[in-house]
Amino acid sequence: MTDRLRGPLPWLIVAALLPLVLGPYHVALFGYIFIAALVTLGIVLLTGVTGLISFGQAAFVGIGAYTTAYLTTTLAMSPWLTLPVAVVLTAGAAAVIGAVTLRMSGHFLAIASLAWGISIYFLVGNLPYFGGFNGLSGIPALTLFGIDLRGETAMYYVILSFLAASIWAVLNLLDSRVGRAIRSIRHGAALAESVGADPARLKIAVFVIAAALAALAGWLYAHHQRFVNPTPFGIHMGIEYLFMAVIGGVSSVWGAVIGALVVTLMKQALEDLLPSLLGQSGNFEIVVFGVLMLLVLQHARQGLWPWLIERTGVRRAPSRVAADPMPAIRAKPEPGEAILRIDRVRKSFGGLAAVDELSFRAEAGRVLGLLGPNGAGKSTMFNLISGVLPVSSGEIRFLDRRIDRERSRVLAAQGMARTFQHVKLVPSMTVLENAALGAHLRGRHGLLRAALRLDRAEEARLLAEAAYQLERVGLFAQRDELAGNLPLGQQRILEIARALASDPVLLLLDEPAAGLRYKEKQALARLLMRLRDDGVTVLLVEHDMDFILGIADRLVVMHYGRKLADGAPREVQANADVQLAYLGAD
Amino acid sequence: MGPIMDLTIFGFLVQDGLTTGAVYILLAVSLVMVFTVTRIVLVPQGEFVAFATLTLAGLERGDAPGLAWLLVAAGVLAFVMDLSAARRRGSRRGIAAAAVLFLAVPAVLAAVALYGIGASTPLAAKIAVTCAMVVALGPILYRVAFQPMAAASPLYLLIAAIALHFVLVGAGLYLFGPEGVRTSPLLDGSTEVLSMPVSVQTLLILAASLGLNLALFAFFGFTLQGKALRATAVNRRGAELVGVSADYAGQLTFALAAAIGALSGVLIGPVTTIYYDSGFLLGLKGFVGAIIGGLAAYPAAAVGALLVGLLEAFSSFWASAYKEVIVFTLIVPVLLWRSLAHVAVEEDHD
């Protein structure tokens with residue numbers, strides 16, 4: 001029984017049957033609830049998935065509503081023509097606002113959204129073409145193939161169709177190559193960059209999608225209400241939309257619907273109840289919402305949806321993916337060929353040279369260990385190679401291309417893959433999805449194809465590749481677990497699987513053994529030796545000499561930013577300078 | 001063409017802009033202070049202002065001040081929360097202090113406000129009681145709304161701040177009603193500066209704003225408590241390890257913010273009509289100023305706030321209907337300028 005309740009289809013049928021049991025007032029009300037759910041759906045993408053906050057979504061609803069109101073009443077345009085106009089206009093406004101504010105850290109967007117929310121409200125309210133604060137009336141009802149969609153029941157089905165289609169598209173989008181990249185953004189731009197995605201562009205894209213959903217909601221609102229004035233598009237409503245999403249559960253698409261439902265119904269009830277209770281008229285329901293929000297934030301920051309899911313015990317079905325590697329995307333260099341050349345590289349922070357005139361090479365098919373005590377400059381060197389930091393002077397060449405001024409995203413495209421010293425995974429994605437994130441650059445379908453589910457063939461290949469890499473590192477059995485639930489040792493190994501999924505020429509590992517327990521270290525060492533036997537080229541930064549000795553073909557030892565030794569592990573181990581640096585003996 | 005500008009009007013507009021700008025400075029500085037210490041964008045800062053003006057106006061009219069009831073009720077809630085936290089911890093430490101701060105002080109202030117103020121009470125006493133009540137509300141609000149989630153990300157704290165703003169605006173409507181108020185001028189008369197007539201009230205606001213800014217500067221620069229707050233701002237956990245309690249820092253910061261808000265309310269009451277919901281726009285304009293300063297630098301925030309005041313004064317002369325539009329649209333070029341001037345900083349959530 002619970003199995004049948006799992007999918008959204010039964011709920012869609014329930015929603016479709018609602019007008020048979022509800023009176024006209026409530027049918028209209030549910031229409032407004034579903035319109036609000038469209039807006040909160042955008043907020044789920046924006047806030048829950050991407051980690052951005054906007055209090056200004058109501059203003060985007062307003063742009064959509066006023067666009068169609070003005071064009072249908074003044075210019076007598078068909079509403080079906082004003083829909084694309086409204087969406088494009090709003091998306092354009094969002095693209096401009098997003099380009100300005102999204103470069104900055106999270107709260108600037110939130111604050112700016114308060115400002116534009118207020119500004120657009122007063123602007124619309126004062127422009128005479130839009131009827132000022134009185135608004136515009138006489139907006140025509142929708143018609144479809146000559147059928148008049150006047151009346152709450154017909155509009156209910158129109159709204160429900162648009163909502164269902166939007167939810168479908170958003171779910172498709174999240175379950176895709178681009179969707180995984182979007183879901184990775186809030187866990188650090190460095191992660192998205194390392195797999196070759198462009199977090200800045202994706203953020204703007206998400207912001208534009210959220211605005212487009214709001215515009216669609218506004219268009220529906222205008223033709224549902226058949227009258228618009230500035231009030232429902234003001235900053236208070238913008239805040240309420242965010243509250244709906246947070247109360248429902250901002251990290252789930254279904255939370256958006258639940259939040260819109262709960263908040264709107266509560267608001268209706270409170271608007272009737274409170275004034276008679278308090279003996280005054282006024283919008284006192286905001287006190288209740290404020291208190292409710294504080295309680296949710298303090299005690300259940302995930303909102304209602306995850307709480308409901310827990311109660312019903314719904315579980316995901318195991319994925320039916322089979323391991324199947326994709327064809328290699330690039331020719332691998334001959335073993336022994338120098339693929340990475342570090343030439344007199346220097347990096348100084350102020351007066352301090354963290355890396356000082358360092359030169360070394362990494363050869364294809366070998367494991368090179370970059371070793372050194374804490375503070376030797378290894379991590380700085382790693383950041384220089386991986387494109388996180390620019391060099392102060394000197395040259396880094398990768399496959400004969402100069403890369404010392406390139407960003408990590410570009411390096412990913414050239415075949416460099418990396419792991420992080422502080423593990424960066426998307427904890428809310430499965431192990432399989434996290435591994436597939438690494439194959440980002442091996443697919444090419446974008447947002448639109450993903451939303452319309454035209455990317456399935458490619459998606460299957462990407463997941464099969466991810467499954468293959470999981471099998472290779474020994475995590476296939478855990479593929480459906482959430483990455484956040486894995487122990488640290490397996491998280492590190494998952495990062496390696498993710499890196500391998502990009503079909504790298506060079507694998508950069510940043511202190512992979514740090515913080516691991518003995519058994520975990522052994523498992524990691526076995527994996528790295530297996531990869532070495534497969535001919536994977538690895539540059540391993542490590543401070544644990546014992547760990548690295550059995551794995552590396554060659555070691556470069558750093559001390560105070562300079563090269564102390566360079567050679568076979570046993571030679572280096574015997575080197576007196578190295579022993580001095582490590583043991584600090586006089 | 002808009003109205004004709006002449007030198008007299010220009011002078012009045014500058015004066016007007018500086019007056020409101022001086023209040024925005026106070027709000028901007030307070031927002032920066034709260035943000036740096038607690039990472040909370042204190043949207044309800046404006047409610048401190050509005051509550052102060054409305055309470056003072058009520059005392060002048062001889063109405064029973066509704067704020068007293070809010071203060072006592074919120075104080076009891078804060079105390080209960082402290083009590084249950086103490087029970088969970090299994091230690092009674094800090095309960096006595098909480099009883100004083102959340103129960104005794106609000107009770108005494110409420111009693112004074114309800115029974116101690118008459119028609120013959122001097123204005124200064126009414127102002128003092130008003131300010132004391134608003135200041136006492138500060139730490140209580142921190143305790144109730146933010147302390148249980150102080151470790152959350154700034155974005156969640158911002159949502160909480162908005163939620164608190166909703167609660168306070170709704171409560172304000174209930175306690176003070178929908179009518180706007182003005183308080184009686186603190187000082188009458190006018191004088192001449194550069195052969196322009198300038199009201200003494202304006203000079204008072206400017207002087208108070210400047211004085212308070214200097215006092216804050218001295219507090220953060222030279223006193224131990226100020227330094228402790230700055231330490232919390234830099235590293236919350238580190239500060240806790242050396243004995244600066246983050247809860248204490250938060251409550252102290254909110255008391256300061258409430259004090260600045262109360263003073264702003266007293267200053268702005270005679271020159272602007274204040275409604276129960278005026279605080280939001282006042283706070284946000286302080287905010288635009290603070291953003292010009294990048295939410296971090298005190299002097300830049302002050303300059304920004306002054307600019308907002310002047311811009312508002314001049315836009316209300318030329319295009320009064322679009323006053324808010326102009327002020328709040330200003331934030332877009334400001335953000336653009338700041339985003340171009342500063343390299344985007346990597347921010348990890350959770």
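Reader: What share of the 586 residues in chain A is buried?

Author: A residue counts as buried if 20 or more other C-beta atoms, placed from the backbone, lie within 10 Å of its own. In chain A, buried residues make up 53% of the 586 residues. This is a predicted model, where local features need pLDDT of at least 70 and side-chain atom pairs count only at pLDDT 80 or more, while totals for chains, interfaces and linings use all residues. Residues are numbered from 1 along each chain as its sequence is written, and chains are lettered from A in the order in which they are written.

Reader: How many helices and strands are there in chain A?

Author: Helices (H or I, at least four residues) and strands (E, at least two) are DSSP runs, numbered from the N terminus. Chain A has 24 helices and 14 strands.

Reader: How many residues of chain B are in contact with chain A?

Author: Two residues are in contact if their C-beta atoms, placed from the backbone, lie within 7 Å. Here 42 residues of chain B are in contact with 43 residues of chain A.

Reader: Which helix of chain B gives the most to the side that touches chain A?

Author: Helix 6 of chain B does, with 16 residues. By class, that side of chain B has 34 nonpolar, four polar and four charged residues. Nonpolar means Ala, Val, Leu, Ile, Met, Phe, Trp, Tyr, Cys and Pro; charged means Asp, Glu, Lys and Arg; the others, Gly among them, are polar.

Reader: Which domains does the assignment of chain A give?

Author: Domain bounds come from an automatic or database domain assignment. For chain A it gives domain 1 (22-232) and domain 2 (338-583).

Technical notes: A residue is buried if 20 or more other C-beta atoms lie within 10 Å of its own, exposed if 12 or fewer, and partly exposed in between; C-beta atoms are placed from the backbone.
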